[in-house]
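Trainee: Before we go through the aromatic residues, please put the model up.

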Amino acid sequence: MAWLYAILASRPVVWLLLLVNAAGTVYGYYWYRYQLAETPPLFLPFVPDSPTASLFFLIVLGAWLLGRSAPLFEAFAFVTLVKYGIWAVVMNVLVWRVTGTLDWAGWLLIVSHGAMAVEGVLYAPLYRFRLVHLALAAVWTLHNDVIDYVFGMMPRYHMLADYADQIGYFTFWLSIASIAVAYWLGVRMRRQPFSLPPA
């Protein structure tokens, strides 16, 4: 597996991921534009879930390119990429099941968010975060669930409105699972040696 991590840690791959994630982050905030316009300022940081997850990863990639590490953002990125990547895939599959159809944007969301979860897991052995960083990421993630499903700030899928309680329950346990995966792969497992080659 060392060969895989040599590829993942190469500058061209990291630059490519940075550009792709930057584009996805910008589009993600654009996708939330209508909901953000109606969101009380207090809740604004907690509404655009997926683009904020990819923003965390952008910070990690940028730090690596500068020869640094950002363990707190690594923990935030790992947990949120896995959680919201899987969440969006499941929600769009549910839209397909409930309505019998899914437009091109829905399929694009499935592919792009599936890739988010995959990249979060793929880079796990290269992260350097510790338990304290993961604990802070866990607080952020579970607090976000409260904001979404107690204060009604969840992403808007009007065709799934009848299932809001079940989705909230699923989301809570998805958060727990994502935190557990981050602990196992990011804290417990043996890490790969990692440094980007000089530019």
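Mentor: A residue is called buried under 20% relative accessible area, exposed over 50%, and partly exposed in between (1.4 Å probe, protein chains only). This is a predicted model, where local features need pLDDT of at least 70, side-chain atom pairs count only at pLDDT 80 or more, and totals for chains, interfaces and linings use all residues. Residues are numbered from 1 along each chain as its sequence is written, and side-chain values use heavy atoms, with hydrogens and water left out.

Trainee: Is F73 buried, partly exposed or exposed?

Mentor: The relative accessible area of F73 is 31%. That value lies between the 20% and 50% limits, so F73 is partly exposed.

Trainee: How many aromatic pairs does the structure hold?

Mentor: Rings of Phe, Tyr and Trp (its six-membered ring) pair if their centres lie within 6.5 Å. By that rule the count of aromatic pairs is 18.

Trainee: Are the rings of F56 and F73 stacked, tilted or edge-to-face?

Mentor: Planes under 30 degrees apart count as stacked, over 60 as edge-to-face and the rest as tilted. The ring centres of F56 and F73 are 6.2 Å apart and the planes stand at 45°, so the pair is tilted.

Trainee: What is the angle between the planes of F172 and W173?

Mentor: F172 is partly exposed at 35%, and W173 is partly exposed at 46%. Their rings form an edge-to-face pair, with 5.1 Å centre to centre and a plane angle of 75°.
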